[in-house]
Amino acid sequence: MRRLIGILAALLATPAFAASIYEVPEVAGEVVGAWDVNILADDVHFETAAFVSKIRMRLAIAGTQTCKLWVFDALNRPPIHETAFTSIPAANEFDVSTYDFDMRLQVPKDIYVGFSAQVGGWGINGVDYWSWGSGVTQGIAGTAGQYYYGTVTGRQLTARYDAGNTSYGCMQILAEPVRIDDVEVATGQVHLTISSLPIYATNAVQQSGSAADTNWAEVETLPVGVSNHVWSATNHGAPSSYYRVITR
């Protein structure tokens with residue numbers, strides 16, 4: 001049991017850093033535009049549901065406008081997240097800047113992410129621009145060249161737009177890892193206080209006698225839809241036990 005305590009204490013002392021779960025690297029000089037009245041979004045797909053901590057986009061917005069980031073979990077439905085942001089005035093449609101949006105947002109494994117900018121833009125339709133990339137290097141690729149839009153006033157994505165190329169909206173999405181925040185060890189018992197569980201995924205505790213073991217045994221599936229949970233189990237007097245939480 002002493003070794004068990006040491007193992008879990010070391011785990012708790014290790015900082016939990018956000019991990020990238022979706023990435024589309026930018027192709028320089030390539031952009032897709034959103035009309036002044038519309039939200040423009042791309043479909044985003046992860047390996048599993050996640051607890052998103054940051055969305056990073058590359059946008060060219062003319063002047064100072066009323067701008068929003070939008071996240072949807074389906075077409076023809078209101079957003080699950082929206083946030084206003086301040087634009088960085090761009091010299092032209094290729095003068096993109098990086099916009100970071102911090103959040104704590106539980107999402108399913110398939111979502112739509114987009115932006116809107118109103119009262120400005122280039123040309124007669126007041127268009128602002130989003131840079132794009134030619135491939136998804138982290139996460140799962142959707143349909144290349146296909147975007148989604150809807151009016152800002154309607155607050156839904158209602159139609160598809162075919163850009164006629166093999167592009168994806170340039171972005172990076174980071175997610176919080178599952179955390180074991182506290183450990184209690186008593187005679188024959190172990191209690192793990194777990195947080196940041198993705199609520200739209202299946203989460204499970206696995207156990208092994210060695211951290212290097214490739215055959216982890218699943219000991220219990222955690223309750224669905226719960227972000228924080230205290231898990232308890234009998235340790236059966238094992239000289240050492242390693243625990244981890246997996247999401248699928």
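Predicted model: local features only at pLDDT ≥ 70, side-chain atom pairs only at ≥ 80, totals over all residues.
Residues are numbered from 1 along each chain as its sequence is written, and side-chain values use heavy atoms, with hydrogens and water left out.

Back to F46, which sits in the loop between β3 (38-45) and β4 (50-60). Helices (H or I, at least four residues) and strands (E, at least two) are DSSP runs, numbered from the N terminus. Which residues does F46 touch, not counting those up to four places away in sequence? They are I21, Y22, V107, P108, K109, I111, I140 and I173, where a contact means heavy atoms within 4.5 Å. E26, by comparison, is 20 residues from F46 along the chain, and the C-alpha atoms of F46 and E26 are separated by 19 Å.

The side chains of S131 and E26 make a polar contact of 2.9 Å. A polar contact is a pair of N or O atoms within 3.5 Å; within protein, one must be able to donate a hydrogen and the other to accept it, and residues adjacent in sequence count only if both atoms are side-chain atoms. S131 is buried, because its relative accessible area is 2%. Leaving aside neighbours within four places in sequence, S131 is in contact with E26, E30, V31, R58, V96, G169 and C170. Between S131 and D43, which are 88 residues apart along the chain, the C-alpha separation is 15 Å.

Now let us step back to the whole protein. How many helices and strands does the protein have? Its secondary structure comes to one helix and 19 strands. The C-alpha atoms fill a box of roughly 75 × 30 × 30 Å, taken along the principal axes. Of the 248 residues, 44% count as buried. Among contacts with a separation of 6 or more, 76% come from residues 24 or more positions apart. The accessible surface is about 11,600 Å², and 52% of this surface belongs to carbon and sulfur atoms; such areas come from the Shrake-Rupley method with a 1.4 Å probe, and for residues only the protein chains shown count as cover.

The protein carries 14 positive and 23 negative side chains, and the centres of the two sets lie 7 Å apart. Here Lys and Arg count as positive and Asp and Glu as negative, while His and the chain ends are not counted. The place of a charge is taken as NZ of Lys, CZ of Arg, CG of Asp or CD of Glu.

How confident is the predictor? The mean pLDDT of the protein is 90, and 91% of its residues reach 70 or more; pLDDT is the predictor's confidence in each residue, from 0 to 100. Over residues 1-14 the pLDDT is below 50, and this stretch has 24 contacts in the model beyond near neighbours in sequence.

Two loop residues are next on our walk. N76 lies in the loop between β5 (66-72) and β6 (81-85), and R155 lies in the loop between β10 (146-151) and β11 (159-162). Phi of N76 is near 60 degrees, a positive value in a residue other than glycine. Phi of R155 is near 55 degrees, also a positive value in a residue other than glycine. N76 is partly exposed, with a relative accessible area of 48%, and R155 counts as partly exposed at 33%.

R179 belongs to strand β14 (residues 179-186) and is partly exposed, at 29% relative accessibility. Its side chain is joined to that of D181 by a polar contact of 2.8 Å. S208, in strand β16 (residues 203-208), counts as buried because its relative accessibility is 6%. Apart from neighbours within four places in sequence, S208 is in contact with D213, W216, S241 and Y242.

Note on methods:
Buried < 20%, exposed > 50% of the residue type's maximum accessible area, 1.4 Å probe, protein only.
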